[in-house]
Each structure stands twice: as C-alpha cells, then as structure tokens.
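User: I'm new to reading structures and would like a close look at one part: the pairing of charged side chains. Could you walk me through it slowly?

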Amino acid sequence: MTEAAVAGTPQASDQYVQSLARGLAVIRAFDTDHPVMTLTEVAGRTGLTRATARRFLHTLVELGYVRTDGKTFALTAKVLQLGFAYLSGLSLPQLAQPHLEELSLKLGESTSAAVLDGTDIAYIARVTTRRIMNVGITVGTRFPAYATSMGRVLLAHLPPAELEAYLAAADIKPLTPRALGTVPELLAVLETVRAQGWCLLDQELELGLMSVAAPVYDGPTKVVAAVNVSLQAQSVAAKPDPDAYLSSVAQEIMATAKLVSADLTARG
C-alpha cells in the first residue's frame, strides 16, 4: 500500500498539500488501542517510510502536539485544540445527536435530548427505533416537566428559587394511575434524582412507557439539558433480571450524558 493511499489522499490537484495530509495521518494513527507507539509502529500504521514518519513526529514534538521519551511517542492534550474550532460552531442538538445515535444503536432503543422551557420540556434531539408512545415524539415535542424523566433531572438541578417558581406555576397532577400527583411526592423524587445522578420514570407519562435520564452539564455545575432512553415496560419486565437491566441502562445514559457534557464544555 502506498503512503498516499494510507494517508487518505484524494485525487491530486494543485490545491492539495501532501505534507499536511501526512502530518494529519500521523496524528490519526494514535487511538485508544495505540496510545503510545515507536517510530516503526507509526510508520507501519501510516504507510510512511521511517524517515518520513520521523520528520513528522519530531515536527509535532516541536509544535507540542506529540511527546517522546526518545523511544516512543504519544499525543499531548494540545491536539484537543484542533477540534475546538469545530466544536465551537456546533449547537447543543448537533453535539448530542451522534452520542444519542451511538447509544440507540448499542441498546436498540430510542434516545432523546431535551431542555427545560417554562413548565415543560422541549425535545431538541431524537433518535427513534420504533414508536412506543401513543403520541409521536419529534424535535419540538413538549411534555410537562414533572411527568418526564428528563424533566425531573432538569428540575432536580434547578436553584431553589427557580424550583419554587416552577412549582408555583406548574399544574401537577397524575397523568396515569401509576403517577405521583402532589408537590411533596415530586420533591421527594427530585431529592433522589439529585443524589443518584439519574432518573427512572416508570409508566407515569404513559402506561407501558419507561425511561431513564441523566443530566448534561455545561461546565462543572451548570445543568443545561438532559438525555434519556425510552423503554417498553413489557420488554423490561421480560428481562431475566429487570432491576439489573435498568441499572445497566442508567450507567449507559450517564456515560452518554458525560460525553455530551464534555463536548459542550470543550466548545466553550
């Protein structure tokens, strides 16, 4: 295989800078499975000659993107700057969408992101595997915040004065026979959500529907959105160990929320 093929070279043109393509190929050669490599390994993964790989590696060392102990090479945190300009131009829905798609593919379930808007949540991103609600959910769909998993995550992280204002404005009543319907009940649930870092909603918005949600942070303490996974209660009940399954889903949605939070915080 030629150097150009490995480096992902398009058709040659007078606008194409081969040295830039090769330098980026060297950076891309490092990944989770290859965080530290020798010169020979870098050359092998990029298709470059050892001499060419050496020049690019030492250039990247001089620029601060790669560090070396004289024998091996590894990326530094400075490479993150290369993605900041891209991230800064993305909106929250655009940042969340690929992570929601990955989680949906992994679990085989629908995933969503929402923000608090008045007394409701408003969906800002959605990945659907199948319709499991009587009311179809799309971007822009709204539900009462207190009756949703994402809404409860968002309410749980409101400052006390804002939560008090929400409670004064919201019309809290049970939407299904399984739902809570009083402010004290809601406050008790919000305390649990705040303490554990995620929320399970069990058929309180619609019978047969469950969901698990976690908060999205912009910075260390500011919660700006929530993400969730929608589940069919019947399918959950059919699992060999429903509680263990729900616990695993909670871990997955929290991991996804952290990824979205990291991208949002990096965007600055």
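Analyst: Happy to! The count comes to eight salt bridges, where a salt bridge is a side-chain nitrogen of Lys or Arg within 4 Å of a carboxyl oxygen of Asp or Glu. This is a predicted model, in which local features need pLDDT of at least 70, side-chain atom pairs count only at pLDDT 80 or more, and totals for chains, interfaces and linings use all residues. Residues are numbered from 1 along each chain as its sequence is written, and side-chain values use heavy atoms, leaving out hydrogens and water. Side chains of opposite charge can pair when their charged atoms come close.

Start with arginine 45 and aspartate 31, whose closest N and O atoms are 3.2 Å apart in their salt bridge. This pair links distant parts of the chain, 14 residues apart: arginine 45 sits in helix H3 (residues 39-46), and aspartate 31 in the loop between H2 and strand E1 (36-38). Helices (H or I, at least four residues) and strands (E, at least two) are DSSP runs, numbered from the N terminus. Arginine 45 is partly exposed at 35% relative accessibility, and aspartate 31 is also partly exposed, at 32%. On this scale, buried means under 20% relative accessible area, exposed over 50%, and partly exposed in between (1.4 Å probe, protein chains only).

Next, find aspartate 120 and arginine 142, which form a salt bridge at 3.3 Å, N to O. Aspartate 120 belongs to strand E5 and arginine 142 to strand E6 (residues 142-144), so this pair ties together parts that are 22 residues apart in sequence. Aspartate 120 is partly exposed, with a relative accessible area of 21%, while arginine 142 is partly exposed at 40%.

Now move along to arginine 178 and aspartate 202, where the closest N and O atoms of the salt bridge are 2.9 Å apart. Arginine 178 is in the loop between H8 and H9 and aspartate 202 is in strand E7, so parts 24 residues apart in sequence are tied together. Both partners are partly exposed: arginine 178 has a relative accessible area of 45%, and aspartate 202 has 25%.
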